[in-house]
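Hi,

Here is the structure I said I'd pass on. Have a look at it first, and my notes follow below.

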Amino acid sequence: MTAKILEIDNVTVSFDGFKALNNLNFSMEPGELRVIIGPNGAGKTTFLDVITGKVRPTIGQARFKGRDLTSLKEHEISRLGIGRKFQTPRVYLNLTPRENLEISGNRNKTVFNTLFKKQPSSERKTIIELLETIGLTAQADTPAGLLSHGQKQWLEIGMLVAQAPDLLLVDEPVAGLTDEETERTGELLTALAESHSIIVIEHDMEFVRQIARKVTVLHEGSVLFEGSMSQVQTDPRVIEVYLGSAPSISAEQMTLLRIAASMAWSDGTLEREEKALMLERLSQQFASDREEQAHLREELETYLGKDIALEDLVPLLKTDEERELALKLSYEVICANQINPRESAEYQRLLQLLQLPSDVVNRAEQIISAGLAR
Ligand code: ADP
Ligand code: MG
């Protein structure tokens with residue numbers, strides 16, 4: 001018996017010989033919140049189209065809770081409990097959020113549905129609870145046309161949830177939203193993930209970091225990589241696909257760089273001195289001659305993202321040597337200018353995560369301090 005909520009086996013989708021999906025394999029556990037990323041044209045939308053029955057696989061099979069979807073029509077798949085949110089909100093603008101939610105809640109109450117749909121695993125929420133969840137209680141009775149773009153997105157997510165699907169498919173929910181709306185959307189999806197399985201397709205990396213547990217990277221119609229966001233961001237193949245050229249440093253070296261960068265970013269800004277120091281040290285560490293070092297400094301600059309979580313990165317360090325190196329580099333970075341409380345707190349957090357013996361820490365700090373004093 002299968003426990004997976006979704007399985008995609010060897011799916012290929014050909015459009016006149018062009019493979020939008022190419023031998024794609026994917027599976028997901030019930031209750032997962034999975035983020036799918038990939039460059040334009042990677043096949044993300046086609047992937048959702050296959051699940052919802054909009055596009056049929058040329059080869060292969062898609063299964064929902066063990067049931068083959070390939071011969072079902074779109075509305076039949078939707079009734080099985082798969083809801084999809086498209087990029088642009090499709091809400092009734094002249095109706096209020098409350099009315100929009102009521103209509104959606106009733107849409108699936110056909111005779112077929114009430115007779116055959118066994119009790120949905122995700123409980124049907126009341127309209128009032130739903131309005132609360134999507135943060136529109138205060139706007140419940142004003143026309144949806146007056147809502148902000150973000151509020152319309154939340155309303156549409158609420159309308160999907162009103163249909164009590166088990167699996168929610170959400171295509172680029174934060175495109176065009178403000179930073180604050182983006183963060184709220186992340187909170188909403190995280191809350192919904194407690195009672196639904198969710199697939200989110202997204203470009204916005206900071207948003208992905210906010211919500212992601214496991215990330216699947218699509219490229220040229222296949223799965224290129226699967227892992228935590230930190231693993232994704234340090235994987236040379238993924239970087240190559242996103243930036244167009246392969247990094248000349250390894251995933252381990254990338255991890256070191258990102259840990260050091262998180263010290264520098266902890267006060268919200270990356271000071272020029274901190275940046276220069278990190279790039280200089282790392283280039284000396286990883287490249288031997290001057291020309292190579294100069295090239296590497298330029299390259300490393302592209303990897304200095306501020307969306308970094310130490311908790312995910314530190315476990316990627318494999319040896320005590322790497323942990324000690326991460327410590328030294330980070331200590332040097334925070335000593336680059338006046339240590340402020342945020343940097344200091346971030347450094348303490350790093351020390352806790354690294355779990356190096358205190359004599360190792362003391363020695364490393366002394367070596368760096370002595371070097372700096374010179
Ligand atoms: P993504 O959503 O990751 O940007 P898509 O799934 O939309 O990618 O598209 C994957 C590839 O398949 C693209 O190269 C696109 O041009 C092609 N494609 C998608 N749909 C069709 C179609 N109906 N006919 C022909 N080519 C298509
Ligand atoms: Mg797309």
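**Around the ligand**

The shell around ligand 1 splits into five nonpolar residues, five polar ones and one charged (Ala, Val, Leu, Ile, Met, Phe, Trp, Tyr, Cys and Pro count as nonpolar, Asp, Glu, Lys and Arg as charged, and the others, Gly among them, as polar). Bear in mind that this is a predicted model, where local features need pLDDT of at least 70 and side-chain atom pairs count only at pLDDT 80 or more, while totals for chains, interfaces and linings use all residues. Residues are numbered from 1 along each chain as its sequence is written, chains are lettered from A and ligands numbered from 1 in the order in which they are written, and side-chain values use heavy atoms, with hydrogens and water left out.

The shell itself is made up of F15, F18, A20, P39, N40, G41, A42, G43, K44, T45 and T46, each with a heavy atom within 4 Å of the ligand. Helix 1 gives the largest share, three residues (helices are DSSP runs of H or I, at least four residues, and strands are runs of E, at least two, numbered from the N terminus).

Which atoms of ligand 1 does T46 approach with its polar side chain? An oxygen, at 2.5 Å.

Cheers

Key. Polar contact = N/O pair within 3.5 Å; in protein donor to acceptor, adjacent residues only side chain to side chain.
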